[in-house]
2 protein chains.
Amino acid sequence: MGDLPREDTANMLRVLVATDCHLGYMEKDEIRRHDSFQAFEEICSIAEQKQVDLLLLGGDLFHENKPSRSTLVKAIEILRHHCLNDKPVQFQVVSDQTLNFANAFGHVNYEDPNFNVGLPVFSIHGNHDDPAGVDNLSAVDILSACNLLNYFGKMALEGSGVGQITLYPILIKKGSTAVALYGLGNIRDERLNRMFQTPHAVQWMRPESQEGCQVSDWFNILVLHQNRVKTNPKNAINEHFLPRFLDFVVWGHEHECLIDPQEVPGMGFHITQPGSSVATSLIDGESKPKHVLLLEIKGNQYRPTKIPLTSVRPFVYEEIVLKDETDVDPNDQNSVLEHLDKVVNLISQNFQ
Amino acid sequence: MGDLPREDTANMLRVLVATDCHLGYMEKDEIRRHDSFQAFEEICSIAEQKQVDLLLLGGDLFHENKPSRSTLVKAIEILRHHCLNDKPVQFQVVSDQTLNFANAFGHVNYEDPNFNVGLPVFSIHGNHDDPAGVDNLSAVDILSACNLLNYFGKMALEGSGVGQITLYPILIKKGSTAVALYGLGNIRDERLNRMFQTPHAVQWMRPESQEGCQVSDWFNILVLHQNRVKTNPKNAINEHFLPRFLDFVVWGHEHECLIDPQEVPGMGFHITQPGSSVATSLIDGESKPKHVLLLEIKGNQYRPTKIPLTSVRPFVYEEIVLKDETDVDPNDQNSVLEHLDKVVNLISQNFQ
């Protein structure tokens with residue numbers, strides 16, 4: 001824990017934040033099939049090494065909502081290796097856990113007497129691993145049933161009408177620090193937009209005031225998984241819809257790593273967009289270096305530290321303007337291909 | 001444990017035997033979707049109630065080798081409810097566990113320090129949940145990765161030629177009783193037949209003689225999952241191919257409950273065919289009452305006790321010979337349908 005003296009961490013909740021691991025992405029590709037797992041393995045290793053209190057994931061842990069046997073087995077193996085151990089969990093969940101965790105067990109995984117959970121993982125679902133089917137199950141429910149992960153932010157949505165959702169935060173206490181963790185698993189952007197614009201359609205439950213802990217003492221985090229980039233305002237969520245009592249927002253789904261918390265003017269909260277741990281589109285945003293965020297919260301203060309992921313396959317995005325290349329004849333296909341080959345080789349050499 | 005005094009069970013391995021639970025069978029049928037799970041739940045409850053040392057399954061725990069999220073979650077929930085608890089496991093596995101259990105962990109589940117396993121379950125795969133794909137994984141591997149089940153009897157089969165398999169028994173000791181448990185997950189009957197007829201293609205490893213425990217002291221059980229009924233000898237396994245050192249064979253795959261151990265003349269072993277816990281074909285064999293077997297082994301002796309399953313949906317199979325029915329005109333479709341309706345109603349009334 002480096003520079004933090006022991007007395008500090010007793011009242012400090014230390015969270016590793018990551019998102020969009022897309023386990024199973026390209027699992028049939030001979031070269032890239034292991035990429036998503038290696039990055040997730042690295043994330044879990046960082047969590048262990050930094051001795052965080054918990055690992056928080058922002059959705060799309062799985063690339064598909066019906067993952068293959070291989071993907072399920074590998075995900076389970078990674079979680080079992082890193083999350084089950086004798087390390088004592090040093091925070092308490094003081095909210096009604098049956099409201100937080102909608103599985104058959106209804107409690108946070110480390111409180112189950114039949115498992116030694118040393119690193120609790122909390123995750124919402126994304127659009128890739130969204131709940132579906134008769135039983136409204138996500139692939140994340142499988143990990144939750146195994147007690148390897150705490151799946152939260154799953155809303156019961158009715159089929160018709162705008163509907164109504166209620167967000168019950170997971171109330172976490174560590175010493176004098178109190179964190180209210182709100183989760184909102186992916187909902188179709190259009191629908192969520194309509195909900196945000198319908199009075200009382202989105203209910204945010206606040207912790208009750210108690211002796212020694214006022215409502216304002218809670219540090220309020222929201223994790224969501226929605227479009228943020230506004231190519232079309234209907235298909236993205238405007239951050240100004242979010243309530244002002246929030247202190248910190250983890251924005252999943254957007255794959256570009258914009259992990260340094262950005263203040264939203266007039267709203268009083270900061271947003272971190274960790275970005276995916278594996279590139280799933282050949283776009284500029286995915287070529288930026290990938291990071292995870294160490295978030296250390298003490299009272300109403302927090303310190304964000306970004307940590308680079310080193311296992312991620314290098315991905316370079318470059319624009320070539322043919323008319324600027326004096327030695328290329330843009331009308332001669334061979335000449336163009338030759339030039340592009342040269343560029344690619346140059347990039348490859350830089351990585352060797 | 002009824003009539004067994006305490007001193008007896010210290011040297012007695014008590015096993016509940018069941019097979020072909022076909023979890024997920026008819027999961028989209030509004031009426032029958034819960035049947036397979038209810039029967040499996042009952043089996044696990046019997047195992048708990050009888051306080052057996054272990055539950056042994058003969059394959060086809062899953063109906064499909066890519067089970068739905070619902071089926072996986074329900075299977076995990078049932079196992080977690082019944083198998084994880086503080087009950088001490090009173091036998092030891094003394095064989096090389098990495099040879100017995102081909103998962104990333106390589107040990108019997110109750111020895112994992114991060115889980116409280118009170119009821120160990122051992123299973124081979126069947127033809128419905130057979131290993132496949134690049135990583136040669138079965139749906140049973142998912143439960144094994146979760147540490148909820150000990151998957152054994154999975155052979156590495158090469159693609160071409162007859163191939164060669166080696167069966168390493170799980171060596172189980174409880175007091176003075178020593179049981180060698182051989183597992184042979186389903187292999188295509190034709191191929192297995194060829195293997196049995198090829199010298200050295202099937203290797204049966206025997207426990208080494210030790211002080212106080214000779215090879216002949218081991219009680220040898222085989223669990224397999226193959227066709228037994230000989231409609232075509234190529235597509236069924238002849239029990240005379242099995243080695244004579246076996247004492248007891250659990251035959252999975254055949255759904256008819258023929259659970260009372262039958263001696264195979266000249267072979268020196270008995271076969272139990274527990275039958276499925278859910279009817280998946282509308283045939284006479286499936287209509288027989290379903291049972292599981294309590295097998296109590298002490299030294300080289302065993303006592304089989306069959307236990308009826310009470311949660312199984314009643315299924316009556318009857319042949320109607322129209323020419324014997326005096327009040328039916330076999331040439332008049334309405335008359336025939338009316339008669340059949342009467343028969344069905346009579347059967348229904350008997351069950352109410």
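The legends below describe close-up views of a predicted model.

In this predicted model, local features need pLDDT of at least 70 and side-chain atom pairs count only at pLDDT 80 or more, while totals for chains, interfaces and linings use all residues; side-chain values use heavy atoms, with hydrogens and water left out. Residues are numbered from 1 along each chain as its sequence is written, and chains are lettered from A and ligands numbered from 1 in the order in which they are written.

**View 1. Helices α2 and α3 of chain B.** Helix α2 (residues 35-49) of chain B packs with helix α3 (residues 69-83) of chain B at an angle of about 15°, their axes 10 Å apart. Helices (H or I, at least four residues) and strands (E, at least two) are DSSP runs, numbered from the N terminus; axes are lines fitted to C-alpha atoms, for helices over the stretch in contact, and angles run from 0 to 180 degrees between N-to-C directions. α2(B) is therefore roughly parallel to α3(B) (an angle under 35 degrees). On the α2(B) side the contact (heavy atoms within 4.5 Å) includes Phe37(B), Phe40(B) and Cys44(B), and on the α3(B) side Ala75(B), Ile78(B) and Leu79(B) are among the residues.

**View 2. Helix α3 of chain B.** α3(B) has 15 residues and spans 21 Å from its first C-alpha to its last, close to the 21 Å expected at 1.5 Å a residue (the expected span is 1.5 Å times one less than the number of residues). Because 14 of its 15 residues are buried, α3(B) is largely enclosed by the rest of the structure. Buried means under 20% relative accessible area (1.4 Å probe, protein chains only).

**View 3. Helices α2 and α3 of chain A.** Helix α2 (residues 35-49) of chain A and helix α3 (residues 69-83) of chain A have axes 10 Å apart and pack at an angle of about 15°. This makes α2(A) roughly parallel to α3(A). Among the residues that meet are Glu41(A) and Glu48(A) in α2(A) and Lys74(A) and His81(A) in α3(A).

**View 4. Helix α6 of chain B.** Six of the eight residues of helix α6 (residues 189-196) of chain B are buried, so α6(B) is largely enclosed by the rest of the structure. The buried residues include Leu192(B), Met195(B) and Phe196(B). In chain B, β6 (165-167), β8 (177-184) and β9 (202-204) pack against the buried residues of α6(B).

**View 5. Ile172(A) and its contacts.** Ile172(A) lies in strand β7 (residues 170-174) of chain A and counts as buried at 1% relative accessibility. Leaving out residues up to four places away in sequence, Ile172(A) touches residues including Leu13(A), Phe91(A), Val179(A) and Trp218(A).

Key
Angles under 35 degrees count as roughly parallel, over 145 as roughly antiparallel, 65 to 115 as roughly perpendicular and the rest as oblique. Buried means under 20% relative accessible area, exposed over 50%, partly exposed in between (1.4 Å probe, protein chains only).
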